[in-house]
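I opened a new structure today and kept notes as I went. Here is what I looked up, in the order I did it.

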Amino acid sequence: MPFLNVTSLTPLSFILNGIPGLEEVQLWIAFPLCAMYSVAVTGNLGLMYLIYSEAALHRPMYIFLALLSFTDVLMCTSTLPNTLCILWFDLKEIDFKACLAQMFFVHTFTGMESGVLMLMALDRYVAICYPLRYATILTNAVIARAGLLTFLRAVLLVIPFTFLTKRLPYCRGHIIPHTYCDHMSVAKISCGNVRVNAVYGLMVALLIGGFDILCVTVSYTMILRAVVSLSSADARQKAFSTAHICTIVITYVPAFFTFFTHRFGGHTIPPHAHIIMANLYLLLPPTMNLIAYGVKTKQIRDTVIRLLFKGKAKPASKTSK
């Protein structure tokens, strides 16, 4: 099958080469990735259903959490099924347009993930610093507009990636040393000038990641000032959300590792380490968010326990009759 349109130097398809250097064991690497993906999808769908079905959880904090779970499911689903096909069944070929589409969805959903974490930090700021006005500030209309703006910001900033990548000539080959298509992995196999791609990618990272981290930092600085002024140690512990801080760390550390190794660590970081981290970057937050919020958040934990015991109590009452 021809891989290159000779007249335009645009490939008809790419070959995603999996994890270079670990070809002999990548079959086994797929098993923990599959387990994490299954837990992430099942758990986040369950969490969304729980928030939707329980009226007590129809509050801004949990609405943002449901939005985070929705984004997590889409984010890991944009790559993992295809990655598992590569690692297990050696199905490495991907159509050029499908590669561009995957690139768009990966970066859009990671941008949304960052935006939702920023909105959750702002939610905590309003809840702690303006508790009496919390319900009037974060109305359903405000939450819907904030979610829509977060989505539109990601889409509008990511769309140029596809056009910048599509314009490049690919005369060096069609093999991408990765398990999925992301912007710089595809651009790097081009024989054209990718400086515009690199500069725009850095600009998007600053506009999304940099801006969101700044908002999160300012929010938690204000929260910390408010928490320190509380007289009770128990009140301080309840006000400060360790779950959200853990989620931020789990999300941004792999993200920045992946981003900077693409641009500055190409000769010092082994390719397989970069690719494994790039997959964990999309899998770890959706999996760990369940633990950070589902286990650590008392209201969600109590609701799950109540539903489980309610389900067990019904058969018992029937047998007693």
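**Entry 1: the chain.** I began with the secondary structure and found 12 helices and five strands in the chain. Both are DSSP runs numbered from the N terminus, with helices (H or I) of at least four residues and strands (E) of at least two. I noted that this is a predicted model, where local features need pLDDT of at least 70 and side-chain atom pairs count only at pLDDT 80 or more, while totals for chains, interfaces and linings use all residues. Residues are numbered from 1 along each chain as its sequence is written, and side-chain values use heavy atoms, with hydrogens and water left out.

Entry 2: Of the 321 residues, 46% count as buried, meaning under 20% relative accessible area with a 1.4 Å probe, protein chains only. The chain exposes about 16400 Å², and carbon and sulfur atoms supply 72% of that; the method is Shrake-Rupley with a 1.4 Å probe.

**Entry 3: the cavities.** A cavity is a set of points on a 1 Å grid over the protein atoms alone where a 1.4 Å probe fits but cannot get out, and lining residues have an atom within 4 Å of a point. The largest cavity has a volume of about 550 Å³, the volume being the space filled by probe spheres set on the points. Its lining has 29 residues, with His107, Thr110, Ala205, Phe259 and Tyr281 closest to the centre. Which helix gives the most to this lining? I found α10, with eight residues. The lining divides into 16 nonpolar, 10 polar and three charged residues.

**Entry 4: helix α6.** Helix α6 covers residues 140–166 and holds Thr162. Is Thr162 buried or exposed? Thr162 counts as buried, because its relative accessibility is 15%. Leaving aside neighbours within four places in sequence, Thr162 is in contact with Leu100 and Phe104, contact meaning heavy atoms within 4.5 Å.

**Entry 5: aromatic rings.** My search of the whole structure gave 11 aromatic pairs, which are rings of Phe, Tyr and Trp (its six-membered ring) with centres within 6.5 Å; planes under 30 degrees apart count as stacked, over 60 as edge-to-face and the rest as tilted. Phe161 and Tyr200 are edge-to-face, because their ring centres are 5.5 Å apart and their planes at 85 degrees. Phe161 lies in α6 and Tyr200 in α8, so the pair ties together parts 39 residues apart in sequence. Last, I noted a cluster of Trp28, Phe31, Trp88 and Phe89, linked by ring pairs.

Conventions
Buried means under 20% relative accessible area, exposed over 50%, partly exposed in between (1.4 Å probe, protein chains only). On a 1 Å grid over the protein atoms alone, a cavity is a set of points where a 1.4 Å probe fits but cannot get out, and a pocket is an open set with protein on both sides within 12 Å along at least five of seven lines; lining residues have an atom within 4 Å of a point. Ala, Val, Leu, Ile, Met, Phe, Trp, Tyr, Cys and Pro count as nonpolar, Asp, Glu, Lys and Arg as charged, and the others, Gly among them, as polar.
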